[in-house]
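User: Hi! I'm new to reading structures, and I would like a close look at a single part of this one. Could you walk me through the binding site and the strands around it?

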Amino acid sequence: MATLFGDDMIERQIPELPPGAHCVPGWLTLAQQRWIVARFGEWVRGPVPIRAAKVRGHEMSVRTVCLGWHWRPYEYTREAVDVNGNRVLEFPDWMVRLGRRALVAATGDPRAGDAYTADTALVNLYDDAARMGMHQDRDERSSAPVVSLSIGDTCTFRFGNTETRNRPYTDLALASGDLFVFGGAARFAYHGITRVHPGTAPAECGLEAGRINITMRETGLAGE
Ligand SMILES: O=C(O)CCC(=O)C(=O)O
Ligand SMILES: [Fe+2]
């Protein structure tokens with residue numbers, strides 16, 4: 001029980017979030033985190049290498065590898081047309097199940113996951129200097145919730161409103177193992193990462209430095 005007196009046992013204060021947004025600190029166990037980090041090692045060696053997507057000609061500071069559908073600003077395709085043209089990895093069944101369980105855990109509603117079949121995940125890798133500017137996730141045609149999982153270093157996550165990228169917003173820490181869900185009235189809220197806090201990853205999460213974030217989504221796109 002090496003984690004018994006770790007930071008994960010200290011109740012963290014979750015600031016008030018807008019309706020539709022939920023945070024579940026420490027949702028993934030350290031064993032689950034390590035297992036996902038091992039899968040991440042496979043994904044980055046997969047058919048499409050991890051890369052920094054370009055937004056209006058500028059590389060993002062995060063690097064991203066996708067599952068199910070390949071995302072680039074501002075479109076999903078099956079092939080990584082801006083990387084090497086290869087088809088992205090299949091969306092794993094275990095992640096479909098995890099997404100459903102995440103919605104149940106986040107909302108407390110045992111039926112919340114029933115109709116949810118995530119079919120894409122953007123898996124972001126942040127180094128100490130990486131940030132993500134305020135944006136909406138709106139390249140999906142479905143308004144089903146976004147399920148976000150964090151592993152590694154803690155970051156400061158800024159969760160805002162659906163109208164502007166400015167205030168009102170709430171800053172909260174997302175630590176290794178945390179689940180964040182935004183759906184319903186919060187589905188199209190602006191959000192971003194203002195900083196990553198180096199050296200804060202728990203020793204046993206499987207990632208020595210940096211931060212992995214997985215956001216699962218339903219694209220609402222059909223077929224091949
Ligand atoms: O890293 C995060 O927690 C958020 C990532 C994000 O907003 C995105 O990939 O669209
Ligand atoms: Fe996002």
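His-135 is found in strand β8, where strands (E, at least two residues) are DSSP runs numbered from the N terminus, as are helices (H or I, at least four residues). This is a predicted model, in which local features need pLDDT of at least 70 and side-chain atom pairs count only at pLDDT 80 or more, while totals for chains, interfaces and linings use all residues. Residues are numbered from 1 along each chain as its sequence is written, and chains are lettered from A and ligands numbered from 1 in the order in which they are written.

Let's begin with the record. In an unreviewed entry, UniProt lists His-135, Asp-137 and His-191 under "binding site"; its positions are given in the numbering used here, feature names are shortened, and annotations may be inferred rather than shown by experiment. These residues spread over 57 residues of sequence, yet they cluster in space, with a largest C-alpha distance of 8.6 Å.

His-135 counts as partly exposed because it has 14 C-beta neighbours inside 10 Å. His-191, in strand β13, is buried, because 25 other C-beta atoms lie within 10 Å. (Buried requires 20 or more other C-beta atoms within 10 Å of the residue's own, exposed 12 or fewer, and partly exposed is in between; C-beta atoms are placed from the backbone.)

Next, their contacts (C-beta atoms, placed from the backbone, within 7 Å). Leaving out residues up to four places away in sequence, His-135 touches Tyr-190 and Gly-192. With that same exclusion, His-191 touches Met-134, Phe-157, Arg-158, Phe-159 and Gly-160.

Strand β10 (residues 155–159) pairs with β13 in the antiparallel sense over 5 bridges, and His-191 in β13 is the bridge partner of Phe-159.

Finally, here is the ligand. The residues surrounding ligand 1 (C-beta atom, placed from the backbone, within 6 Å of it) include Asp-137, Phe-157 and His-191. Two or more residues of this shell come from each of β7 (120–126), β9 (146–152), β13 (191–196) and β14 (211–217).

Methods. Pairing = 2+ DSSP bridges. Contact = placed C-beta atoms within 7 Å.
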